[in-house]
Amino acid sequence: MLRTFSSRLAVAAQRTNTAVAASASRLFTTSSSASQATPTTSTSSPVAEGTTPSSSSESSSSSPLNLLRDQLRYYAVAEIKNRPYLITKNDIIVLDRLKDVQLGDVIELNQIKELGSKDYAIQGKPYVSPEYYSIKATVIEQPKGKIVETFKKKRRKHFQRRYHIKPLHTLLRVSELEIKAQ
């Protein structure tokens, strides 16, 4: 009985090893020798026919900000009142009331945790340096929110209270999100 059980395990192990080897060979296929002559990296853009690979790799390694600036759309993770907000240009941000601003005020956001696009991202430790970007938002409205009901009760004391509040908000429109040239 033991001998047949261990032999079954050995056969099953051989089957899984061949299946793993077959799947690995499908994942890692070799390409032609012409494409191996020009190595590419994930951060470099495709090389055009008229340029040399060395000149494009020098420009991409010189400044990662230029790679980000070449993208069409950007995003940023901004921290406003200790909360992160993912923003892009022309977004409207709804946040708790900012007391010291008026309608039409322009606010410069300087606590940015991450700048990025579809292909590239720059992460700060903890924040990205303000010399790399310019992000401005305009206060467009300061409305009251929907009614929030808070119900408090103490057991066996005949105490019940309902509190109704309308929280105050500030709406910001991101008017500028640009990556500065380096």
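In the hairpin of S1 and S2, two residues lie between the strands, and Lys81 takes a positive phi near 55 degrees. Strands here are DSSP runs (E, at least two residues), numbered from the N terminus. This is a predicted model, where local features need pLDDT of at least 70 and side-chain atom pairs count only at pLDDT 80 or more, while totals for chains, interfaces and linings use all residues. Residues are numbered from 1 along each chain as its sequence is written, and side-chain values use heavy atoms, with hydrogens and water left out.

Strand S1 covers residues 75–80, and five of its six residues are buried. Buried means under 20% relative accessible area, exposed means over 50%, and partly exposed is in between, with a 1.4 Å probe and protein chains only. Two strands pair if DSSP finds at least two bridges between them. S1 runs antiparallel to S2, residues 83–87, with five bridges joining them. In S2, Pro84 is the bridge partner of Glu79. S1 also runs antiparallel to S5, residues 112–116, through four bridges. There, Ala78 stands opposite Ile112.

Now Tyr85, which is in strand S2. Is Tyr85 buried or exposed? Tyr85 is buried, at a relative accessible area of 18%. Leaving out residues up to four places away in sequence, Tyr85 touches Ala76, Val77, Ala78, Ile80, Ile93, Val94 and Leu95; contact means heavy atoms within 4.5 Å.

Next, the charges. Side chains of opposite charge can pair when their charged atoms come close. The rule for a salt bridge is a side-chain nitrogen of Lys or Arg within 4 Å of a carboxyl oxygen of Asp or Glu. How many salt bridges does that rule give? The count is three.

Lys113 pairs with Glu79, with the closest N and O atoms 3.2 Å apart. That pair links distant parts of the chain, since Lys113 is in S5 and Glu79 in S1, 34 residues apart. Glu79 counts as buried at 13% relative accessibility, and Lys113 is partly exposed at 33%.

Arg83 forms a salt bridge with Asp96, at 3.6 Å between the closest N and O atoms. Arg83 lies in S2 and Asp96 in S3, residues 92–96, so the pair ties together parts 13 residues apart in sequence.

In the salt bridge of Arg162 with Glu149, the closest N and O atoms are 3.3 Å apart. Arg162 is exposed, at 55% relative accessibility, and Glu149 is partly exposed, at 45%.
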